[in-house]
Amino acid sequence: MTPLPERLPVLPLRDLVFFPSMVLPLLVGRPRSTAALEEAETTPSGLLLLLTQRDPETEDPGAADLHRIGTVVRVVQSSGLADGTVRVVFEGVARAIVDRFVSGSDSLRARVHAFPYPDAVPDPDDRDSGSERVARLRRVERRAREYVHLHPDLPDDLAEALGGVEDPVRLVHRIAGHLIVGAAEKQEFLECETLDGAVRALHVLLERELEIMDIERRLDREIRERMGVGPGDEFLQEQLRSMQQGMEADEEDWAELQSRIEAAELPAPARERADRELNRLRRLNPASPESGVIRGYLDWILALPWALRSTDLADVARARELLEAAHYGLDEVKDRILDHIAVLSLVGELQGPILCLVGPPGVGKTSLGQSIAEALGRGFVRISLGGVRDEAEIRGHRRTYVGSLPGRILQGMRRAGTRNPVFLLDEVDKLTRDAHGDPAAALLEVLDPEQNRTFQDHYLELDFDLSDVLFVATANSLQGIPDALRDRMEIIRIPGYLDTEKREIARAFLVPSQLRRHGFSPDRFRLQEAAAGWLIENYTREAGVRELDRCLARVARKLARDVAEGQRDPDEGGEIDQDQLRRLLGPPPLVRTERDGGPGRVGIATGLAWTSAGGELLEVEVAVVPGQGAIQLTGTLGDVMKESAVAALTFARSRARLLGLEPRFHRDVDVHIHMPEGATPKDGPSAGSTIALALISALTGRPTRRDVAMTGEITLRGRILPVGGMKEKSVAALRGGLTTILIPVGNEPDIQRLPAEVRERLEIRTVTEMDEVLEYGLEGGAGWLGQSGGTPPGALHMENP
């Protein structure tokens, strides 16, 4: 036999034992099995190892789920099918035993060695032993022929094929491969250490199966005699046999369903429907399509948690410890959760508003849902609503459709196993709608405390009580949530983390987690505080901590590689400083540059924007050049922002005399308003004050302050109106190194809701009119407004080129 490769890809078999010398087609569809097949086809030998699973129900078996003795096979032919599976014809080559399993990226591999029978070649000096083996093999072959002739599921020409096999090993394997017995018995036979032991085991199996078949023939004869069916009525005999087996199996299934219905604590309507459907099932032909539909429907009724509840752990102190251990900051969310638990401890149950956590990516919205479930001692289930466009995804499909299923809500309840889980509706702002209906409208019934106690799924057509479920929704922005759905939720904003918070999160959570994932103890390395701040500022300018986590993962991978290559002592730990970070991560991609001051700031103003990714700084540039009164807007601006620019220009024209400009100055110049990062769409009214300041700066030639940013909608009369997203915008200002922000006076109540560090480190000024913005936003203030004695130097008075 050709020597086997030292390492082979492994393809698990569910309920089948493959023997050497067998040629058999199999369907391969599981991802890891397909990966093993592809890997085998790329190797020179083209071999792979087939191992039988210990439990055929295991969907993704690992090393512990497989037997260690299997069959090395060669791929004879393979072809892809329309459903994505691959039909492969395998030929068994030899038995092999696994020395150890090796995990691959996609497939499971194993180090193996051949497992031949040591006595396959008889000893020429031991004639008695050889004669006994020949006699036993002949006996086995005769009994196998008899077994083939008597078994109704085996072709008669198989008996003739057995006669042409002279090799005793091939003979016993071929016979064993066609025996209709369980996989456990076949696996036990495959693991026989000697050929003599295999022949004896095969002889015992054949004798037992023939005895069972003899008993079955005797029982059939008795039934025929009672019913008066003659021995020649083969068709009737086959029908009787099939009917008998089918009735026995059906009775067992019906009895099992009946016992499950009686054991389940179903409400009266559900119990009545289950009994009625079971009676229909008894009257139907088991082979009819409707029988399968009813059976699936009953399985769904019995699988749902109609009455099972988990006991709430209404301990406020314990919940506070869990939340503090799992999340840093987020005080408003924690307070709301602790309020819920406190009320729960007093009244025993609570049916309140649905929480909606709104914030940029990476701030911990999804993990907060898991922490809420852990704090309450409830089950947790999550469904992602991003891209869901069909109402049936929420309410299910009606049973008249082929392949219909309940919606995601009831599917989640089935996974939860209790009627009061914490149910996370992730990305609720990314629902879409089309001709199939509006899933957001379907969620109205789910999230309304007055309606969800009688929630009806189209598939189930029974009232299911969702009033005990604690729903938590997450979103990056409120803009994608319909008003009616938003009205049913309590909005809690998570503005993003400050740099000091990110440093603490990295120290307490991210660094230990990444070290554990990469094979180090959590306290092996420590990131210096200064190095953490440098990393955050120069590599991860974001509202959340996802990019920070990815950077720390890169650092951990580099450290693991240093240890693997011998460049670092395996027991060496210590601190990671800025120089090591630069070596491990490479040059920083986000080096902060100081904003120009003085004359370089003419026509430039810094605004505060709010996006689904958190707060951002927005530089507005205005150039005034000789022309004929045209206005040009660039930077991928939306309609609302374009209107703000036009309103700012109209305000400047209306204040021309106060600004020291000619009343008809706009006829002699062209105004170009630009916002950098032109590939990013921008819209909203909050840049109105910023555009007006940059425009007036360009018209008058007076520079703006580089440490000031602002937000607010502007009117034609120069009033500054309130806008949203103050938390996100203020955090972005602090992250950007600014010292002062100008906000509308209508947003003054939001100041108390800002993080304490923001209030301490930022000077927050409220403004009512544009004159105040000019006072605080221009270098030297706006004391020159309305003064006579000449026009200030500006772009209006450039010499014509």
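In this predicted model, five strands form an open sheet with parallel pairing, in the order β8-β9-β12-β7-β13. The two edges of the sheet are β8 (380–384) and β13 (489–493), each of which pairs on one side only. Going from strand to neighbouring strand, the average turn is 20 degrees, with direction ignored.

Helix α11 (residues 331–347) lies across β7, β12 (470–475) and β13, and its direction is at about 145 degrees to that of β13. Helix α12 (residues 365–376) also packs on the sheet, where it touches β7, β8, β9 (422–426) and β12. The direction of α12 makes about 175 degrees with that of β9.

Elsewhere in the chain, attention turns to a pair of helices. Helix α8 (residues 268–283) packs against helix α9 (residues 289–303) with an angle of about 155 degrees and axes 10 Å apart. Because angles over 145 degrees count as roughly antiparallel, α8 is roughly antiparallel to α9. The crossing of the two helices is left-handed. On the α8 side, the contact is made by Arg273, Ala274, Glu277, Leu278, Arg280 and Leu281; α9 contributes Glu290, Ser291, Ile294, Tyr297, Leu298 and Ile301.

Key
Residues numbered from 1 in each chain as written. Predicted model: local features only at pLDDT ≥ 70, side-chain atom pairs only at ≥ 80, totals over all residues. Heavy atoms only, no water. Pairing = 2+ DSSP bridges. Helix = DSSP H or I, 4+ residues; strand = E, 2+ residues; numbered from the N terminus. Axes fitted to C-alpha atoms, helices over the stretch in contact; angles between N-to-C directions. Contact = heavy atoms within 4.5 Å. Parallel < 35°, antiparallel > 145°, perpendicular 65-115°, else oblique. Left-handed = near helix turned anticlockwise from the far one by under 90°.
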